[in-house]
Amino acid sequence: MKKIVLLLAACAMAFALNAYPTINKVDKERAAKLVSQMTIDEKIDLISGKEDGFRTLAIPRLGIPSLRMADGPQGVRNINGKNIHSTFFPCGISAAASWNREAVHEMGAGIGSAAKAHGVQIMLGPGVNIYRSALCGRNFEYYGEDPYLASETAKNYILGMQEQGVMATIKHFALNQQEYDRHGVSSNADERTINEIYFATFRKAVEEAGVGAVMTSYNPINGVHAAENPWLVRENLRKWGFEGIVMTDWTSTYNSVDFIKGGVDLEMPKAYVATREKVRALLENGVVTEADLDEKCQEILQAFSAFGFLDADLSADPSAEDAALSQKRAYELALEGPVLLKNEDNILPLKPGKKNLIALMGPNANIMPCGGGSGYVQPEDGKGVTLYEGLKALGKNYPVEFLGGPNPEVLKKASVVIVAIGFDKLTETEGRDRVYGLDRLHNEAVEAAVKYNKNVIVVANSGGEFDITPWADQVKAIILDWYPGQEGGNALAALLTGKVAPSGRLPFTFWGKLGKNPAQKWYKSAQLHPSGNRDRYPFTEYGEGIFLGYRGAEHFGVKPLYPFGYGLTYTTFDYSGLKVVPAADGFDVTFTVTNKGGVSAKEVAQVYVSPVKPSVIRPVRELKGYDKKLVAKGKSVEYTIHLGPEAFSYYDVATHAWKVDKGEYKIQVGSSAEDIRLEASVTK
Ligand code: BGC
């Protein structure tokens with residue numbers, strides 16, 4: 001009887017851990033006991049990847065299982081060294097462009113459930129490096145330029161995933177803003193810039209989402225590689241209270257002593273600098289101690305135990321994922337991300353009618369676009385829904401003809417021409433930066449369409465801004481569709497026809513010309529180097545400092561083509577009745593949004609805080625709150641957004657801490673960083 005009660009209690013505990021796993025609930029004693037029972041070789045083996053490089057070591061005699069990892073971050077990419085099929089969600093930039101916390105939470109939950117189904121305990125995502133230049137090859141995996149929007153997106157993704165009992169890994173820590181020579185170019189930035197712009201996502205993930213693991217980046221930071229950087233891990237990450245696993249990115253270590261002393265726990269994908277031979281030699285001559293190994297093993301095992309991995313059945317459990325629910329989650333997020341940049345003459349939504357022929361062309365019209373590298377996921381059915389398939393599925397009222405190339409007859413007689421262009425897994429990918437302009441074939445497709453038809457709509461796939469100047473003035477509508485995942489074709493068809501009104505907003509500043517971006521002056525990439533790829537830059541200076549994106553547009557006086565937070569829909573909104581009232585630790589900002597048109601749509605209301613007389617130089621305004629709500633046609637909806645102390649603070653380099661100045665602040669509410677509709681003043 002006693003045994004049964006104990007067993008039930010243990011099950012209940014395991015269930016509780018599995019239901020709400022978070023690194024904030026570590027069991028230090030249990031981990032310490034295990035560490036005390038391990039041999040030196042077991043300790044050395046536990047601190048690096050094993051087998052296919054996506055596993056940790058099992059120590060069966062101590063009941064320590066081998067944990068499986070997988071990329072990340074748009075779905076489950078790989079198992080046992082092979083790419084698999086799994087639900088492919090919209091990419092990171094699309095998730096950020098949704099400004100929809102619930103939909104992103106569902107994405108995390110969907111990928112978490114797929115991970116469980118495949119027997120994966122640690123997912124290698126989300127990717128959260130801040131967007132600095134359009135050229136970064138991995139912008140598509142990340143969450144845009146603003147630390148607040150990116151942190152909120154990351155937090156909700158992580159919470160969704162970890163509620164499924166799967167550990168999330170936030171990556172790449174830190175200052176990994178370019179893919180060009182990513183192992184070599186040091187990211188050199190000052191302390192304030194690092195804290196205000198580049199650490200924010202990681203810090204919130206630790207403090208508010210209880211993320212289980214952090215992956216360091218390839219690049220050196222101020223001259224020291226991230227995987228061997230005690231300042232990064234010990235002086236920052238651990239001081240935020242992080243008690244989980246810090247792992248290296250795949251093949252990013254250089255020196256055994258620096259790795260062992262640096263504070264990172266796990267060398268991936270296998271031992272290079274932390275082999276038994278190398279570590280044993282260092283132990284023997286006293287350069288490293290057993291305590292150094294114990295520290296890593298302790299951190300690894302306490303994270304395992306916090307997530308219940310030491311007790312749970314870790315085998316693949318296909319029943320963990322509800323395939324229909326995953327598909328629904330992918331579809332719903334794909335509806336939220338696309339950004340309508342331009343809609344002249346209200347050409348969109350498409351008008352139904354058997355005679356209103358839609359001509360569809362362009363290289364991306366009948367593919368499922370995706371960026372490449374470790375973020376590429378093969379969709380569940382192997383192909384996903386293309387735009388052509390999505391439009392065809394609408395039925396007879398939306399007749400569509402897909403053109404392999406420009407076809408003057410058809411183009412002339414069509415009511416509208418949709419041209420699908422952009423990047424893909426070969427042109428926007430990990431390991432190299434991309435170019436600003438589209439491939440010639442893509443621009444030529446738009447040029448051919450405008451030659452024969454006045455009503456051209458461009459839909460584009462990319463992870464960020466690109467050169468639209470060759471044709472932007474000649475087309476009626478432009479939609480940025482990012483990489484929308486396996487349901488992208490269905491979702492875009494629903495948006496184009498107005499079944500659902502677009503509601504995505506830019507998560508970065510769309511400058512319109514590469515050189516207008518103030519950060520570009522300091523950004524290093526092969527494209528900009530007079531001698532091409534062969535010459536290496538030792539470092540990239542983050543010379544724009546905290547004035548990145550819209551912060552820089554205001555500060556340096558540059559007018560972007562489309563501001564941060566911008567996006568059209570099929571109606572317009574009025575803002576009224578702003579009230580800012582003191583609340584427990586800050587203020588509640590309340591206002592009303594009224595839909596003035598004949599179409600129900602979601603509005604992303606944005607709250608910016610603007611210090612009136614700051615004691616140090618600060619951005620004119622910074623995003624500190626937002627909410628997205630459906631506002632039915634002709635109706636009004638009230639928004640309430642809370643601003644806590646962090647909404648007013650800046651990083652003070654004298655004290656190395658966050659500080660709030662006393663004085664007056666303007667609270668600005670609007671629908672983009674440049675479209676402020678309401679303003680009030682508060683005093684701190
Ligand atoms: C990427 C990581 C990825 C890892 C494993 C690296 O090249 O930078 O983001 O998780 O490979 O595939």
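Where is F89 found? In this predicted model, F89 sits in the loop between β3 (82-83) and α4 (92-98). The legends below start with that residue and then move on to other views.

**View 1. F89, a buried loop residue.** The loop that holds F89 runs between β3 and α4. The relative accessibility of F89 is 1%. Buried means under 20%, so F89 counts as buried. Now find Q486. In sequence, F89 and Q486 are 397 residues apart. In space, their C-alpha atoms are 6.5 Å apart.

View 2. Helix α5 covers residues 101-117, which makes 17 residues. From first C-alpha to last, α5 reaches 24 Å. That is close to the 24 Å expected at 1.5 Å a residue. Look at the start of the helix. There, a side-chain oxygen of N100 reaches to within 3.1 Å of the backbone nitrogen of E102. Now look past the other end. Just after α5, G119 takes a positive phi of about 75°. How many of the 17 residues of α5 are buried? The count is 14, so α5 is largely enclosed by the rest of the structure.

**View 3. Helix α12 and the glycine that follows.** Helix α12 spans residues 290-306 and has 17 residues. Its reach, first C-alpha to last, is 24 Å, close to the 24 Å expected at 1.5 Å a residue. Of these 17 residues, 13 are buried, so α12 is largely enclosed by the rest of the structure. Just after the helix comes G308, with a positive phi of about 80°. An α-helix has 3.6 residues a turn, so residues three or four places apart point the same way.

**View 4. E444 in helix α16.** E444 has its place in helix α16, residues 440-452. E444 and P406 are 38 residues apart in sequence. From C-alpha to C-alpha, E444 and P406 are 9.5 Å apart in space.

View 5. Now zoom in on the polar atoms. A side-chain N or O atom of D71 is 2.5 Å from an oxygen atom of the ligand. For R77, a side-chain N or O atom is 3.4 Å from a ligand oxygen. E430 places a polar side-chain atom 2.4 Å from an oxygen atom of the ligand. How much of the ligand does the protein bury? Taken alone, the ligand exposes 310 Å², and the protein buries 93% of that.

**View 6. An open sheet of three strands.** The strand order is β18-β19-β22, and the pairing is antiparallel. The edge strands are β18 (573-583) and β22 (636-643), and each pairs on one side only. Neighbouring strands of this sheet are turned by 20° against each other on average, direction ignored. Follow β19, residues 586-595, across to β22: eight bridges join these antiparallel strands. Now pick out F591. Its opposite number in β22 is Y639.

**View 7. An open sheet of four strands.** Here the order is β21-β20-β25-β26, with antiparallel pairing. At the edges lie β21 and β26 (675-683), and each pairs on one side only. The twist averages 20° from one strand to the next.

**View 8. Strand β20 and its two partners.** Strand β20 covers residues 601-611. Ten of its eleven residues are buried, so β20 is largely enclosed by the rest of the structure. Start with β21, residues 622-631. β20 and β21 pair in the antiparallel sense over nine bridges. Q606 has Y626 in β21 as its bridge partner, and K602 stands opposite L630 in β21. Then turn to β25, residues 664-672. Six bridges join β20 to β25, and these strands run antiparallel. In β25, I667 is the bridge partner of V609.

How values were computed:
Residues numbered from 1 in each chain as written. Predicted model: local features only at pLDDT ≥ 70, side-chain atom pairs only at ≥ 80, totals over all residues. Heavy atoms only, no water. Helix = DSSP H or I, 4+ residues; strand = E, 2+ residues; numbered from the N terminus. Expected span 1.5 Å × (residues − 1). Buried < 20%, exposed > 50% of the residue type's maximum accessible area, 1.4 Å probe, protein only. Pairing = 2+ DSSP bridges. Axes fitted to C-alpha atoms, helices over the stretch in contact; angles between N-to-C directions. Polar contact = N/O pair within 3.5 Å; in protein donor to acceptor, adjacent residues only side chain to side chain. Areas by Shrake-Rupley, 256 points an atom, 1.4 Å probe, with all protein chains shown as cover.
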